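Here are my notes for your first look at this chain. Please keep the structure open while you read.

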Amino acid sequence: MSVFDFDAGRGVPSPVVPRKRRRWPAIVSIIALSLVAVVLGVGFAYATHSAVEWRDAAVSSDKALDEMTTQRDDARAEAEDLRGRLDKVTADFDASTERIRSLSNEKAQAGDSFAVAATLVAKSQNVTASMDACIKDLQKLQTYLVNFDSYEPSSLLSYARQINDGCNKARTDSDNLSKELAR
């Protein structure tokens, strides 16, 4: 086509006006592409930030798990130690009880004095009651130690120390009574 177009009715060429180029499709395309780029950039930034947060949370959880595992292992070791002590105290208790009964019977049969024998028997019963309480407390502690994860380690250790103090006192009373009966 030429710059001039013939007018069908007149035979005179008429100039063809070139169409104006439309710019709005290009502008809309640029804006749409810019918006897509911004949305992708925001999405990437959010995903990166979220991944960093998850990584930090995982590291924190790993540290907490390591600490709890160490506490659990320490509590297990303490529980094993307490079980060993319980077995020793139980054996000592049985031996002491037998010895106390034996000495108490010998002393009573000797007939030194009814009052002395009665006092020794009362002491013997007190020692036996103290040792029985010690054993019961240690057995109760053992049931707690079976489920030690359900309890706070510091509370269990405090309770174990209280029991240990009571058992040590009962043992001292037993030794003192044994010496008194041996005279």
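1. The pattern is β-β-α-α-α. That gives two strands and three helices. Both are DSSP runs numbered from the N terminus: helices are H or I with at least four residues, strands are E with at least two.

2. A word on the source. This is a predicted model, where local features need pLDDT of at least 70 and side-chain atom pairs count only at pLDDT 80 or more, while totals for chains, interfaces and linings use all residues. Residues are numbered from 1 along each chain as its sequence is written, and side-chain values use heavy atoms, leaving out hydrogens and water.

3. The chain has 183 residues, and 17% of them are buried. Buried means under 20% relative accessible area, with a 1.4 Å probe and protein chains only.

4. Look at isoleucine 100 in helix 1 (residues 24-110). It counts as buried because its relative accessibility is 1%. Leaving aside neighbours within four places in sequence, isoleucine 100 is in contact with residues including Ser124, Val127 and Leu181. Contact means heavy atoms within 4.5 Å.

5. Glutamine 125 is 25 residues from isoleucine 100 along the chain. Their C-alpha atoms are separated by 9.2 Å.

6. Of the contacts with a separation of 6 or more, 68% join residues 24 or more positions apart.

Terms used
Buried < 20%, exposed > 50% of the residue type's maximum accessible area, 1.4 Å probe, protein only.
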